[in-house]
Amino acid sequence: DSGQKILIIVYINKENDMQKEKVKKISKKALIAEIEKMGVDSKITASLARANIETIVWVKSLIKS
């Protein structure tokens with residue numbers, strides 16, 4: 001019984017983590033569009049679009065600073 005309860009708790013926690021990840025995920029196109037709205041030249045954002053999402057998020061955070 002207690003083993004089954006632990007499995008249920010672990011499953012619920014995993015579901016919650018997966019839902020949090022879904023909320024945080026944003027597309028490259030959306031990130032690039034946001035960066036362009038911040039005044040960055042489209043040639044630069046076109047080059048940045050080849051980077052991974054984590055790098056684009058990092059660059060965006062640097063622009064805000």
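Which residues make up the largest nonpolar core?

Modeller: A word on the source: this is a predicted model, where local features need pLDDT of at least 70, side-chain atom pairs count only at pLDDT 80 or more, and totals for chains, interfaces and linings use all residues. Residues are numbered from 1 along each chain as its sequence is written, and side-chain values use heavy atoms, with hydrogens and water left out.

Now, the core is made up of Leu31, Ile32, Ile35, Leu48, Ala51 and Ile56, 6 residues in all. Such a core is a set of buried Ala, Val, Leu, Ile, Met, Phe, Trp, Tyr and Cys residues joined through side-chain atoms within 4.5 Å, and buried means under 20% relative accessible area (1.4 Å probe, protein chains only). H2 gives the most, with 3 residues.

Take Ile32: setting aside neighbours within four places in sequence, Ile32 is in contact (heavy atoms within 4.5 Å) with Thr45, Leu48, Ala49 and Ile56. Thr45 sits in helix H3 (residues 42-48); helices here are DSSP runs of H or I, at least four residues, numbered from the N terminus. With a relative accessible area of 1%, Thr45 is buried. Not counting residues up to four places away in sequence, Thr45 touches Ile35, Glu36 and Val40 as well as Ile32.

H2 (residues 28-37) also meets H4 (residues 53-64): Lys28, Leu31, Ile32, Glu34 and Ile35 face Ile53, Ile56, Val57, Lys60 and Ile63.

Methods. Axes are lines fitted to C-alpha atoms, for helices over the stretch in contact, and angles run from 0 to 180 degrees between N-to-C directions. Helices (H or I, at least four residues) and strands (E, at least two) are DSSP runs, numbered from the N terminus. Buried means under 20% relative accessible area, exposed over 50%, partly exposed in between (1.4 Å probe, protein chains only).
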